[in-house]
Amino acid sequence: MAPYQPKSDPKWLVALTLAVALTVPFLFPVLILLSMPLAEPSGGGVTLALRWLGNVLGTDLSGPVAHDVGTAVVLLLIAFLFINFGAIFSGICVWWERRIAGRMQSRIGPNRQGLGGFLVWVADAVKFLLKEDLVPAEADSLLFRIAPYFVLTGFALTFVVLPFGHSVVMADLNVGVFYITSVTALVVVGILISGWSSNSKWALFGGMRSAAQVVSYEIPAGLAVFVPVLMAGSLSMQDIIRAQGAAPWDWFIFRNPAALVAFFVLFTSQLAEANRTPFDLPEAESELVAGYLSEYSGFRFALFFMSEFGNIWVMSALATTLFFGGWQVPGMPAAAISALKGTGAWWGWQLVSMAVFAVKTLLLANVVIWLRWTLPRIRIDQMMTLSWKYLVPIGFVCLIFTLFWQLGVGAAPGLELASGVALSVGALFVVIAFFRRVFKNVTDVRGDAIDLSNW
Amino acid sequence: MTPLESYFPLAVVFALALVLGLALVGLAALLGPRRPSRVKEAPFECGSDPVGDARGRFGVKFYVIALLFVVFDIEAVFIYPWAVQVRELGWNGFATMAVFAATLVAGLAYVWKKGALDWE
Amino acid sequence: MNRTFSKLALWAFLALLVALFLGYFITRVLPDYLPAGRAVPPRLGDLVFYACAAATVAGAAGVAFSRNIVWSCIGLLIALLGTAALYVFLSADFLAVAQLLVYIGGVLVLILFAVMLTNRIGEVNVSNQSLGLGGGLAVFAAVAPLLMLVAVLVPWPVRPPGPMAPTTARIGDEFLSTWLLPFEVASVVLLATLVGAVVMARKELKAD
């Protein structure tokens, strides 16, 4: 057999596209970082900005009303940036997922609009805007119209506590993790209402299935979250990250054998809560058309869609926070970064911590996408069995094991380090074996070149 | 930080998400066509005319799942404060929570035994 | 009871509620903000507070007055969200999120499931509007003035909002010390709920 010869090898184009795909969404966290001093809760930033503005305009802006308005404007700006990040990430994620799906299924995927099809999400958004917004005649018109907003606000509200870096978080609430698991409630209500108000059989079935699935998997997810909470002794997202370290053996996932199990419980549950394959039965296109989305069109559909893909970031970021050490930078403890506050180096370390967090989160997001195109859909009885008969009991066992583990660590502090080193070395071997296998499969098929000619 | 200062971002994001959503849907309504027809507005049923009422009865199992969820949700609310405080509470707290959790696990076992978790 | 009368009575009830609220607002709240009073314009926090309070009341009214049961659920959702926000104003952050998780994520979803499990609920005018309206008004007439008197006359302790102390750990402490017995009894109540659910669903479970 003659060696395979790609028609062309547009390496620079691929590199450029990937660079753009990474830069565009992460521009927003960088902008958020830049506006963080303005949002300092002590009020220093707003006060200074108002004094400057007052000098420019020649008016006195030191009053409490001006301060309130200034705070609100700054927060609105930051909230806008966060929501934009969610929207643009989900758009690019759609493109990336479709390209990966194409590769995995030996086809091409979208490659026409812009760099390697990269602009397809912009085209999609424009097209959604130009489509007719249909409301079925028999639907409860007003309920049908407001249902997407429940899903959208539920999605946007999770971003309030999601950390992006060492000091880049909108509000580090004392009850952070608890809050994240709770705001899903709004999404469930939105799904149920959209299913019911459509007055279509597919939509109603899909809505009921989806809601039953989300509430079923919230329980094992909650139980798995207890493991890092027990280990950190706090519910705040930033505190949980600070309780971990930058090295893999300082991550919660390896520091405690139960945490390793809990991570898989959480990850599976999150896949199910996000209605991702293999748990996409509420919107199984071969049986339920599009589930609760069946009757939606135009931009209302886009809102659902955006929340669904943006959720990939939310779930990956949550797992990174709870189990993978979050933004911890190797060789630079969190306290050392805080001590640099006010110097130029502080800004640099903030960027580094954001990059660390983003890399971990994006790796997990890619696993989510990879699973979708690898696993077949499960049946509803398997879905319920998996949650209530496997994951919930496993979650309870993890909780109890962690308790004994923590008491044991109190007696012998070396225990955590031993587990951390052993498990992280084991994980390293698994990763190496995996990549060797992938490389072997690739070379078996067509030599060691990856064909980019269709990019 | 006062409670208002730490939670005000929540209100801002809530309001902004609503406003942005409304604005975009409104923009789409301005830009998009509006040509309703009877066929377009019929509920989707694979092209054939809809048969019967969409809002039929559902299995009671959905309800049992929702009830189960509420119970374990409340359990989670009780566990969170304990989980944060577990180091200070020590064995005493552990025993208390063990009794609490064991009661619920017994409940789960009962539901399981009675077949409410079996879906066909 | 004929329809016009019940409608009239409902409107009178609403008007009374609004009048009571306005009365309270004008006598107790407004003077603080008038130039003669505190000479301080309303702060952002006050506005957010009144918005949340108004949303809570409006949501509760929606639950009572809506004719469509799903709309009542939406009203309940708004009322519960508003209550959660009011908890935040009381520095009870854990309670606020628990409210979100248990009442909106749990109870409200349960109600929505129940609505959807019920056959043809959209066609039946499920509403309690004319059920014992006279009696309801009588109870209202007896209770409302009392509540208003309490609201207006009691010298409520006013505390300036202090820094937020994390409440979660303290709740954990209290559960396992002062409130140990209720804490354990709660698990039994939850167990009873589970058993009750199975008993209720028994017939259909067997049929499958």
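Predicted model: local features only at pLDDT ≥ 70, side-chain atom pairs only at ≥ 80, totals over all residues.
Local features here need pLDDT of at least 70 and side-chain atom pairs pLDDT 80 or more, while totals for chains, interfaces and linings use all residues. Residues are numbered from 1 along each chain as its sequence is written, with chains lettered from A and ligands numbered from 1 in the order in which they are written.

Chain A turns out to have 16 helices and zero strands (DSSP runs numbered from the N terminus: H or I of at least four residues for helices, E of at least two for strands). Its radius of gyration, taken over C-alpha atoms, is 24 Å, close to the 23 Å from the globule rule (2.2 Å times the number of residues to the power 0.38), so chain A is as compact as a globular protein of 455 residues. Some 52% of those residues count as buried, meaning 20 or more other C-beta atoms, placed from the backbone, within 10 Å of a residue's own.

Helix 15 of chain A bends by about 30° at A:L391, with a proline, A:P393, following within four residues; the bend is the angle between axes fitted to the seven residues ending there and the seven starting there.

As for the partner chain, the contact (C-beta atoms, placed from the backbone, within 7 Å) takes 63 residues from chain A and 53 residues from chain B. Helix 15 (380-411) is among the helices of chain A that each supply at least two residues to this side, but the largest share, 13 residues, comes from helix 7. The chain A side divides into 43 nonpolar, ten polar and ten charged residues, where Ala, Val, Leu, Ile, Met, Phe, Trp, Tyr, Cys and Pro count as nonpolar, Asp, Glu, Lys and Arg as charged, and the others, Gly among them, as polar.

Methods: Contact = placed C-beta atoms within 7 Å. Buried ≥ 20, exposed ≤ 12 C-beta atoms within 10 Å, placed from the backbone.
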